[in-house]
Amino acid sequence: MHNKLAVTGGSRRFFKGKLCLAGLLMLLFWHLLPIQGLAADGGRQVVRVGYPIQLGMTEVDEQGNYSGYTYEYLEEIAQYTGWDYEFVQVEGDLNESLVTLMDMLEKGEIDLMGGMLYSREMEQLYDYSSNSYGIVYTVFQVLYDDTDYVNDSQVEKTLRVAMYGQSRKHKEEMEDYCRMNLQIPQIVPCTTIEEHLRALQEGRADVMLNTSMNYIEGLRTVARFAPKPFYFVTSKGKGGLLTKLDEALHSIEQTDPYFMTTLHEKYFNPSNKELKLTAQEKEYVENTEPLRAGVLTDLPPYSYQDKESGELKGISVDLLKAIEDKTGLVFELVPVENEEALAEMTAEGRVDLIGGMSYDYEQARHRNMAMSRPYISTQYMILLNNKMRNEEIAGRKLAILASYDYQGEFVGSPVYYDSREEIVRAINSGEVDYTYMDAYVAQYFYNRSEFENLYVAPQMLQENRTCIGVSKPASPELLNIINKVIITMPEKELQSIIYSNTIYRSDITLLEMVRRHPLQAVAVAATVLLVVIGVLSWGVVTREKLNRKISLELKKHQELYGLVNDYFFEYDLKKELFTVSGKKEGEKHENNVVYRLFPERIADEPENGKYREILRRIMHSGRDGVEEIQLPGINRELHWMRIAMKNIYDHKGAPVCVIGRISDINEEKQERDRLKNQAERDSLTHVYNAKTSVRLIQERLDQLADGGTGALILVDIDKFKTINDTYGHMEGDHILCEVAGILQDSFREGDIVGRPGGDEFIIYMERIRDTRTLGDKCERLLQRISEIRMPDKKSLTISLGAVLARPQNDYDSLYIKADKALYRAKKEGRNTYFIA
């Protein structure tokens, strides 16, 4: 009999299938993929896919639209195979439909299913894909508000676990994990999800046992273990189908290694934007004196000092104020003239943190600073004089800051200045030709009407990411608090901070008009001598000047936003004229065009639906701000758009027009999700990959204080090549996942577990007192790995090489010592460890 584990509507239960293999326990992952049948349809192959309705995996809404992890994976496969799908559903509840579909697959009535864990017995009934398309973990979860759970594998304690009493497999996995982490589990039996949640809310249970792909609102994962890859399976005898499937899975992995984790985050780990502080973090806030935050006075719009009021302003300043409001921390802003002075103050300990610095590991190490998560990411631009827009920059005058410590060669001839504003004024006057600037800094100066001779062009350099720097030794609580605010801050709030600082606000004064338009000013002064005619003429000239300024600002915005593929709009309140400028639809080149539309025309033409909605928001809002709405895009499909609006007023304070920017943020959201995913993880085992392991271990070594110790352990699976050759690579992958899971379960949250490649793993442990403690850890690890059984029932063995780490050690020297120790362990017969 096959026992298949199904999850639906947030609950799981075992049910018995109809396959006649006595004693086999098969965890059929909570969703079976759509099943596919092969048919001819105009020469295109139709694949029949079984489609049981399961939350997160295979869903259908009221309009008949399909969605889910498995559904999206199948659609991506179809991009490579050209398949069409016939999604097959059967009557009955989830348990009954799963049994029926399994039988249909065995008989060849459907072609394909997913969510199957590997077993040698099941391989006799179905053909498995070579590559898995996901990994499921058994997990411990707590209420999202619960910030007190701590897993210390060095201290024995009792753990109350809410779980299903009949889930024997999960209970065994849980007991293995608890045994490795010195936890004594006490089962709190539950029969429904609601009962689980009540047990956590009432304090009768510390954690809930669940699987990583069973998303439940209000819970967060604190431990995961027992990784199990799952696969697509086909009926026997469909070799052509399986070959195409394997090729498509391989192509997806090679083209987008993060596709699997992106889907997992989308359907089973949605982001939580609610700020929650632990008890330790709250205590830190209560007991910490005001923190001194160094803020540059010459870095608009990130940070600058208002010339009239002397007040510090900018994106970084507003972000620090937001952190104060959300957490209770208090920052004392310290104005700093330039980068050189800021570096001196941080080195001398006169500031506790930096309001804005580049997210750069090398720079942070040089400054002895820890970095928060980036809160802004933007590209560099070339800011140049208008006369240079069609000229080569090689050999031209390049303006740079005197505090800039770049030691390489320059394309142009460098001319040094003390401030960024001096640089911009020199470019505007033609004293120098160009400079490089962050896009937001360039935009800030470009928007100022006094700089009429500037031109901005994109530059293909790496992006500039900005973060908050914290002086080392950094308090973990402070860094956690800052990161939590940045991660949970709503996108609208952050964009509002950015736009309010990048849009330069200039009041139109008579003195400014006289300075910029002396002839018109003389004419206005002369007309004042005339009674009625003079007053009327003054009004006409004033309005004309205001319109000219608005038109000039609009033209600048059109050029600037055309560079970043955005649209810029203006709504004249008195003329009721709505103007939109941007790239012409369907053209690849940046040919800016202007559409001028009246409200009544917009209402009559369906293709202008997006403008109709924008105009409606403008007319009902009446205030500045940022909104995100869905509008028809170039291809008429709905896209998420961000609309930034600003009202322009005349000299009497009456609103004249509304200007703004329309940005398509679909790709931005996708990119943010991609970056959020586990880009640093090995795609098979989900431990850290080689590059990330090296970087993280070196950082931990750099942080070792005097007297502190750590340990580096190299793990090598004994005779792994023989395992692959004997049982196949699928079994080898399964063993790698099991080993990785045990390694992650065996070490504390702060320790680093990575896979440099092949069958080798690397571990870095913090706060290891001596070699005896390290040896005990290695002994337990050997014992735990030996519990893994290969298909011939023999125990799996590993060899370990270990070395203690002390201050001033670097990664390369420690790795060499650990590698020699590993060689010694293998030379002594394997299944042992050696400490250098």
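The chain exposes about 40,200 Å², with carbon and sulfur atoms supplying 49% of that area; accessible areas here come from the Shrake-Rupley method with a 1.4 Å probe, and for residues, only the protein chains shown count as cover. Keep in mind that this is a predicted model, where local features need pLDDT of at least 70, side-chain atom pairs count only at pLDDT 80 or more, and totals for chains, interfaces and linings use all residues. Residues are numbered from 1 along each chain as its sequence is written, and side-chain values use heavy atoms, leaving out hydrogens and water.

**The whole chain**
- Of the 836 residues, 50% count as buried (buried means under 20% relative accessible area, exposed over 50%, partly exposed in between, with a 1.4 Å probe and protein chains only).
- You'll find 26 helices and 39 strands; helices (H or I, at least four residues) and strands (E, at least two) are DSSP runs, numbered from the N terminus.
- Take the contacts (heavy atoms within 4.5 Å) with a separation of 6 or more: 68% of them are between residues 24 or more positions apart.

**Nonpolar cores**
- A nonpolar core is a set of buried Ala, Val, Leu, Ile, Met, Phe, Trp, Tyr and Cys residues joined through side-chain atoms within 4.5 Å.
- The largest one has 65 residues, and Ile323, Leu329, Phe331, Leu353, Met437, Ile468 and Leu478 have the most contacts inside it.
- Leaving aside residues up to four places away in sequence, Met437 touches a list of residues including Tyr380, Met381, Arg420 and Phe445.

**Strands side by side**
- All 6 of the 6 residues in strand E8 (residues 112-117) are buried.
- E8 pairs with strand E14 (residues 219-235) in the antiparallel sense, over 4 bridges; two strands pair if DSSP finds at least two bridges between them.
- Within E14, Tyr231 is the bridge partner of Met116.
- Elsewhere, 3 strands make an open antiparallel sheet in the order E16-E17-E18.
- Its edge strands, E16 (298-299) and E18 (312-313), each pair on one side only.
- Strand E17 (residues 303-305) is joined to E18 by 2 bridges, and Tyr304 stands opposite Lys313 in E18.

- Helix H15 (residues 491-502) has 12 residues and reaches 16 Å from its first C-alpha to its last.
- Its buried residues include Leu494, Ile497, Ile498 and Tyr499.

Conventions: The expected span of a helix is 1.5 Å times one less than its number of residues.
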